[in-house]
Amino acid sequence: MNVIDAIESRRSVKAFDPAHRMSEEEIQQLMSLAVLSPTAFNIQNWRFVLVQDPALREQVRAASWNQAQVTDASLLVVLTADLKAWEKEPNRYWRNAEPAVRDYLVNAIAGYYGGKEQVQRDEAMRSCGMAATTLMLSAKHWAMTPALWMVFILTQWPNCSTCLQITPQPCLWP
Ligand SMILES: Cc1cc2nc3c(=O)[nH]c(=O)nc-3n(C[C@H](O)[C@H](O)[C@H](O)COP(=O)(O)O)c2cc1C
């Protein structure tokens with residue numbers, strides 16, 4: 001499917017076949033594309049939580065106005081973000097750049113985000129929105145749309161479990 005067809009035919013699916021199961025390979029393919037999404041300064045601040053445990057799904061559903069999609073979709077991706085990714089070894093985001101370029105950008109990152117809570121929050125929303133679009137359009141390509149549901153949680157990774165009021169669970173991508 002080409003990109004225009006994917007954009008034109010994408011829909012927010014409400015009814016899922018709870019018996020359908022995406023393969024591990026499909027999930028890997030999908031998430032490998034999600035992490036190619038752009039982020040400002042390449043800080044890759046999104047954190048994707050793949051919720052696979054049925055009991056946890058029920059908890060997320062309860063926190064999501066009891067929407068059936070949360071438990072019935074084959075894959076549930078919670079999009080959250082590390083609001084402090086920008087200050088965690090920022091050299092690694094530019095490790096393949098010329099040293100002068102890397103130094104300039106790492107310095108710019110600190111200046112852009114340092115002490116600015118609102119900017120950090122805005123960046124989380126931007127990055128998660130971009131990644132969500134990649135996920136949705138990629139899912140269309142493989143006709144996975146009837147299997148994928150996403151929940152946006154704006155909170156600082158790793159505190160998303162507190163916000164969701166669910167027990168922490170380990171399945172985190174990447
Ligand atoms: C940030 C965001 C949150 C949404 N939340 C829900 C939701 O909780 N439940 C739901 O069924 N659809 C949700 N939607 C889907 C919208 O209702 C849907 O995109 C809109 O009605 C247009 O329909 P379409 O996506 O099929 O073109 C959400 C969409 C966005 C962008």
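Two strands are taken to pair if DSSP finds at least two bridges between them; in this structure, Arg47 stands opposite Thr80 in strand S2. The model is predicted, so that local features need pLDDT of at least 70 and side-chain atom pairs count only at pLDDT 80 or more, while totals for chains, interfaces and linings use all residues. Residues are numbered from 1 along each chain as its sequence is written.

**Overall organisation**
- The protein has 7 helices and 4 strands, where helices (H or I, at least four residues) and strands (E, at least two) are DSSP runs numbered from the N terminus.
- Read from the N terminus, the order of elements is α-α-β-α-α-β-α-α-β-α-β.
- Of the 174 residues, 30% count as buried; a residue is buried if 20 or more other C-beta atoms lie within 10 Å of its own, exposed if 12 or fewer, and partly exposed in between, with C-beta atoms placed from the backbone.
- Among contacts with a separation of 6 or more, 79% join residues 24 or more positions apart; a contact requires C-beta atoms, placed from the backbone, to lie within 7 Å.

**Strands S1 and S2**
- Strand S1 spans residues 46-50 and is mostly covered, with 4 of its 5 residues buried.
- S1 pairs with strand S2 (residues 75-81) in the antiparallel sense, over 5 bridges.

**Nonpolar cores**
- A nonpolar core is a set of buried Ala, Val, Leu, Ile, Met, Phe, Trp, Tyr and Cys residues joined through C-beta atoms within 7 Å.
- The largest nonpolar core contains 22 residues, and Leu76, Val77 and Leu79 have the most contacts inside it.
- At least two residues of this core come from each of helix H2 (24-34), S1, helix H3 (54-62), S2 and helix H6 (117-141).
- S2 gives the most to this core, namely 6 residues.
- Another core, of 6 residues, lies apart from it and includes Ile43, Trp86, Ile109 and Tyr113.

**Leu76**
- Leu76 belongs to strand S2.
- Leu76 is buried because 22 other C-beta atoms lie within 10 Å.
- Leu76 and Gln52 are 24 residues apart in sequence, and their C-alpha atoms are 7.1 Å apart in space.

**Helix H5 and the residue after it**
- Helix H5 (residues 99-113) has 15 residues and should span 21 Å at 1.5 Å a residue, which agrees with the 21 Å between its end C-alpha atoms; the expected span is 1.5 Å times one less than the number of residues.
- Just after H5, Gly115 adopts a positive phi of about 70 degrees.

How values were computed: Contact = placed C-beta atoms within 7 Å.
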